[in-house]
Amino acid sequence: MIKKLKASTFVEVLVALVLVMLSFGLAISVFTSVVSSNRSLVEMKARAGVAEALEQMYEDGAFLDELIENDDYSLDIKFSNTAESETNLQLLNITAKNNKDQLLFEEQRYILTK
Amino acid sequence: MKLKGGAMYYALMMAIIIGIMSASLMLYNYLNNKQLIILQKQKQVVDNVLSAINLYTVNGTDLKTGESKVINLFDDEQQQVQVSKKMWGGFEKLTATANYNSFTFSKTALIGHYLSNMGNKALYLADLNKPLSLCGKTEIVGDAELPASGVQRAYIEGQSFVGTKLVNGIITNSSKSLPEINTHLIDENLKYLQGQYSAEDSVVSIDILEKDTIVQPFNEKTMVINAPQINLLKGIIKGNIRVVASDIIFVGRDAQLKDVILYAPTIIIEHGFDGALQAFASDSMVIENDVMLKYPSFLALATNDQAGHLIINQNSEIAGAVIAVQQQNSKNNNYISIERGVELTGQLYTNGAVDLKGSVYGNVICKKFMLKTPSSVYENHLLNAVIDITKLPETFAGIDLWLNDQNRKMVKWLE
């Protein structure tokens, strides 16, 4: 006995294929957009970079302006004297940017250099 | 032409699944970024609080003791911090609080002062027309302000001075009286000795001492334990707590005290006690043998016109400050006795007399020395005593004896 199989026509398959490709295209564009807009990883790396730089400064006892650049981000660390400049109080300004020169974050802190 | 949609169903199913996955990914990303922004804002709040503590640790003049205000850090109204300053015993208590939505962060720091002016000298002895006489193995290392009649070798109790140099430092002339002490330091604490509590204090009865552990955080109200007589024999008492007795406080060797302040006319600390505390007495204070009072500890005797005594017995160690202040002039002076083997690292001040038989690694400021021996009493004599400012750690921050707004330093975090 011959068993009959259901099949699709060429046009049906073609339409389905187009639909699937459109879906995949949409998914890829969403994925790309999510990955490129997700600054968290770079930002977290930059913040860790700030902590590491400050730790090094405390270790060395030298608090100097510094520009740190790597593949993912750049950090501009600047110290400005406060009104109490004769003391060890410094105003620290940090600007972090990603590799496309977009601002990641800006921060200010008062720190004691001793 | 009519098309059968067999393959289309599969394609649509696949498109829906991909759509759901894409939407989930977008939602996840959105929530993740939102959470990250909240965490960053919270971190900003923490950084702002620490910045405020640093700013007001250094800059003491902008915030008076007892004052509380909201400040804009970096001239930015987005970053506001509430700061307040109060006395905590002999030190200052600086609190900074900031919040973002429902997240609130608060830190309290204990602030001390680097020794300056007379504080960086080994010895200041008022000029009462009597020279300073040194006997036995007495050592004075550091600059000294002494009576115009100077310093001399002496022979008492069968011991003459055995050192090569009387004072290892520069000697200058002292004045007839001691400089005015920071009255704020005494007045703020006398209030508690007189039973005047702050409206922000939470007064509790002595029954609370039945608990094994009493811990009061510094971001809550100050707990005041009040009774005529208080025996702290065991258990842990820690934090934002003042213990006030109208008669006597006895601290047993097994009690574990940290950061608390004791107020009573008479305070006795049993031999073998180990801890860090501040204590204010208006009549007498006795630290028995082998007591270890860790930094930052502060012992104060504050009397009106009557003479009180503060006795630190043999082999005790104290890191911090010891003072005895008589507020009104009287014939009888307050008296601090530092027995043999005692090591005090920090400040010793009295406008009365000191019987110094132990060692002070820091500075001594007093009106006169009064050496008591079994056979006699000698004025302005030191026998086998050590005063050495060079052994004071550079990082030491003590109490503000001279109302000096500069040279402030964080001593520790108060939890």
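Visitor: Which residue lies over the face of B:Tyr192, and at what distance from the ring centre?

Guide: This is a predicted model, in which local features need pLDDT of at least 70, side-chain atom pairs count only at pLDDT 80 or more, and totals for chains, interfaces and linings use all residues. Residues are numbered from 1 along each chain as its sequence is written, chains are lettered from A and ligands numbered from 1 in the order in which they are written, and side-chain values use heavy atoms, leaving out hydrogens and water. A charge sits over a ring if NZ of Lys or CZ of Arg is within 6 Å of the ring centre and within 35 degrees of the ring normal. Over the face of B:Tyr192 lies B:Arg242, at 4.0 Å.

Visitor: Which residues are linked with B:Tyr192 into a cluster by ring pairs?

Guide: Rings of Phe, Tyr and Trp (its six-membered ring) pair if their centres lie within 6.5 Å; planes under 30 degrees apart are stacked, over 60 edge-to-face, and the rest tilted. Pairs of this kind link B:Tyr192 with B:Tyr197, B:Tyr263, B:Phe280 and B:Phe298.

Visitor: How many aromatic pairs are found over all chains, and how are the rings of B:Trp88 and B:Phe218 set?

Guide: The whole structure holds 10 aromatic pairs over all chains. For B:Trp88 and B:Phe218 the centres are 5.2 Å apart and the planes stand at 80°, so the pair is edge-to-face.

Visitor: How many residues apart in sequence are the parts that this pair ties together?

Guide: Strands (E, at least two residues) and helices (H or I, at least four) are DSSP runs numbered from the N terminus. B:Trp88 lies in strand β2 (residues 80–88) of chain B, and B:Phe218 in the loop between β14 (213–216) and β15 (223–239). The pair therefore ties together parts whose separation in sequence is 130 residues.

Visitor: Are B:Trp88 and B:Phe218 buried or exposed, and with what relative accessible areas?

Guide: Buried means under 20% relative accessible area, exposed over 50%, and partly exposed in between (1.4 Å probe, protein chains only). Both residues are buried: B:Trp88 has 1%, and B:Phe218 has 5%.

Visitor: Which residue's side chain makes a polar contact with that of B:Asp259?

Guide: B:Asp259 lies in strand β16 (residues 241–269) of chain B and is buried, with a relative accessible area of 13%. Contact means heavy atoms within 4.5 Å, and beyond its neighbours within four places in sequence B:Asp259 is in contact with residues including B:Trp88 and B:Phe218. A polar contact is a pair of N or O atoms within 3.5 Å; within protein, one must be able to donate a hydrogen and the other to accept it, and residues adjacent in sequence count only if both atoms are side-chain atoms. At 2.6 Å, the partner is B:Lys412.

Visitor: What radius of gyration does chain A have?

Guide: The secondary structure of chain A comes to two helices and four strands, and its C-alpha atoms fill a box of roughly 100 × 25 × 20 Å along the principal axes. The radius of gyration is taken over C-alpha atoms, and the globule rule is 2.2 Å times the number of residues to the power 0.38. A compact globule of 114 residues would have a value near 13 Å, but chain A has 27 Å.

Visitor: With which residues is A:Glu66 in contact, leaving aside neighbours within four places in sequence?

Guide: A:Glu66 is found in strand β1 (residues 66–69) of chain A and is partly exposed, with a relative accessible area of 33%. Its contacts are A:Met57, A:Leu75, A:Asp76 and A:Ile77.
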